[in-house]
Amino acid sequence: MEQWMSYKNECIHNITSEPPATAVVCNRTFDNYACWPDGPPGTTVNVPCPWYLPWHRKVHHGRVHRFCGADGQWSPKNTSDCEQDDREQQRYGRILSKFRAMYTVGYSLSLGALVLALGILVAFRKLHCMRNNIHMNLFSSFILRALSILIKDALLDTPTLNIRRDVAPDYQVEHWANVETAAGCRIAMVMMQYSIMANNYWLLVEGIYLHNLLVVTVFTERNYFNIYLCIGWGAPLMFVLPWITAKYLYENEECWERNINMGYWWIIRSPILFAVLVNFFIFIRIIKILMSKLKAHQMRYTDYKFRLAKSTLTLIPLLGIHVVLFIFVTDDHTPNGSLRLIKLFYNLFFNSFQGLLVAILYCFVNKEVQSEMLKRWRRWKLGKDIEEEYRHTHSQTPHPPDHSLSADGDDSRQLVSGRCQNGTGKAKPPRPLFPDPPAEGASSCSTLAEDISLQERTQCLRSPAGGAESNF
């Protein structure tokens with residue numbers, strides 16, 4: 001579009017610098033596509049294909065034709081020689097548009113599920129433990145990633161010049177030449193790159209935490225959380241800032257969405273690859289530990305395979321292991337072909353729906369979360385029932401004098417007080433309506449919980465979170 005603006009300015013300069021014609025001619029003009037000189041009536045005028053066309057090198061020998069009528073009016077132009085006739089490229093563009101619709105749906109669903117899951121974990125204070133604190137930061141990185149990608153796509157969807165149909169007014173092109181618009185788009189691109197890197201490093205933190213929980217003998221979690229925060233949110237800044245500097249100094253073009261010099265792209269690509277590879281090795285180590293623990297339980301072969309498969313499938317979205325499949329297949333090695341399309345579909349599909357899957361596995365179907373929500377709902381319903389029963393009783397029974405309370409009234413008062421008090425005094429403490437689940441039940445929110453050693457489980461059960469630390 002910057003080239004289109006240059007072509008337009010050059011055309012206007014040539015039109016205004018020459019003296020006007022004295023005879024009847026088709027007036028010189030710029031029709032948002034090509035620059036036309038004065039045309040003699042009854043003749044066909046042709047000019048070279050505009051040099052601003054992205055495919056100009058393929059059609060530089062072509063011409064644009066336009067007939068000048070006898071009344072001095074231009075007829076519609078013929079641009080067939082300057083149009084790009086690449087059916088394969090058009091088919092590739094249609095496929096990419098479908099991919100974009102797919103990942104837009106995936107990120108939108110993930111965004112809604114993650115916001116709800118994060119709200120649940122924040123609202124229930126009993127769920128605040130090291131494991132869930134890491135989960136909350138991971139959910140936040142997924143939310144930031146989805147938001148930045150959707151905002152970036154919305155900014156890139158600003159109405160642009162439609163050269164073939166000649167329907168775009170000049171202000172749409174000048175919009176992209178505006179410095180503020182370009183700066184806003186580049187800020188969105190920077191946020192997208194930071195959020196993607198932060199998301200990958202919080203996946204790495206999840207892997208490190210699981211490894212420490214299963215391997216390290218003495219594991220003081222509070223001492224590690226600040227380190228986790230630095231890794232998850234601080235480490236990406238160490239690489240995004242140099243990338244911003246390189247793009248601004250050496251590749252300050254358009255919205256920074258294209259990687260012209262692949263060397264600058266590796267500034268942020270290499271740390272992401274490092275995090276993915278470290279997580280992959282942690283994943284292999286955890287699977288080996290699980291295999292040894294399952295074999296030690298001497299269970300049946302079918303149960304062994306089921307438990308191992310379930311634990312493995314649960315870990316894959318949490319650690320982002322799906323990225324490893326095409327980790328070394330870069331854009332340089334995949335031209336516009338079938339392999340590139342397969343890679344794009346695989347990465348876009350799993351990356352966009354990964355947040356939704358993580359929110360479901362580690363919040364919505366988490367037994368610990370379900371138990372807390374169920375207890376909260378039962379308490380609310382019990383309060384409503386008692387209030388409704390109280391209103392119903394007092395609306396039908398006349399109020400007795402203060403000095404003649406009935407025995408039934410004393411019993412109902414004792415019943416209510418027995419429910420509200422904690423059982424101190426001579427009376428026998430009432431049975432709790434919602435007893436806390438046993439230790440084994442409190443640690444049933446993941447497939448690996450039953451595979452942690454007894455020593456680790458005992459250590460975690462002593463934490464204020466009620467056994468939640470023994471799970472992920």
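The cut-offs are as follows: buried is under 20% relative accessible area, exposed is over 50%, and partly exposed is in between, with a 1.4 Å probe and protein chains only.

Before I go on, this is a predicted model, where local features need pLDDT of at least 70, side-chain atom pairs count only at pLDDT 80 or more, and totals for chains, interfaces and linings use all residues. Residues are numbered from 1 along each chain as its sequence is written, and side-chain values use heavy atoms, with hydrogens and water left out.

Back to glutamine 370, which sits in helix α11, residues 367-396. Helices here are DSSP runs of H or I with at least four residues, strands are runs of E with at least two, and both are numbered from the N terminus. Leaving aside residues up to four places away in sequence, glutamine 370 touches Phe364 and Val365; contact means heavy atoms within 4.5 Å.

Now the disulfides. How many does the structure hold? There are four, taking a disulfide as a pair of cysteine sulfur atoms within 2.5 Å. Counting bonded cysteines along the chain, the pattern is 1-3, 2-5, 4-6, 7-8.

Cysteine 11 is bonded to cysteine 35, S to S 2.0 Å. The pair connects distant parts of the chain, 24 residues apart: cysteine 11 is in helix α1 (residues 2-17) and cysteine 35 in strand β2 (residues 35-36). Their S-S torsion is about 80°, so this disulfide is right-handed. Cysteine 11 is buried, because its relative accessibility is 2%.

Cysteine 26 and cysteine 68 have their sulfur atoms 1.9 Å apart in a disulfide. Cysteine 26 is in the loop between α1 and β1, and cysteine 68 is in strand β4, so the link ties together parts 42 residues apart in sequence. It is right-handed, with 95° about the S-S bond, and both cysteine 26 and cysteine 68 are buried.

Cysteine 49 and cysteine 82 form a disulfide with sulfur atoms 1.8 Å apart. Right-handed or left-handed? With -90° about the S-S bond, the link of cysteine 49 and cysteine 82 is left-handed. Cysteine 49 and cysteine 82 are both buried.

Last, the record. An unreviewed UniProt entry annotates "transmembrane region" over several spans, including 101-124 and 308-329; positions are in the numbering used here, feature names are shortened, and annotations may be inferred rather than shown by experiment. Residues 101-124 are 96% helix and 0% strand, with end C-alpha atoms 35 Å apart. For residues 308-329, the values are 55% helix, 0% strand and 29 Å between the end C-alpha atoms.
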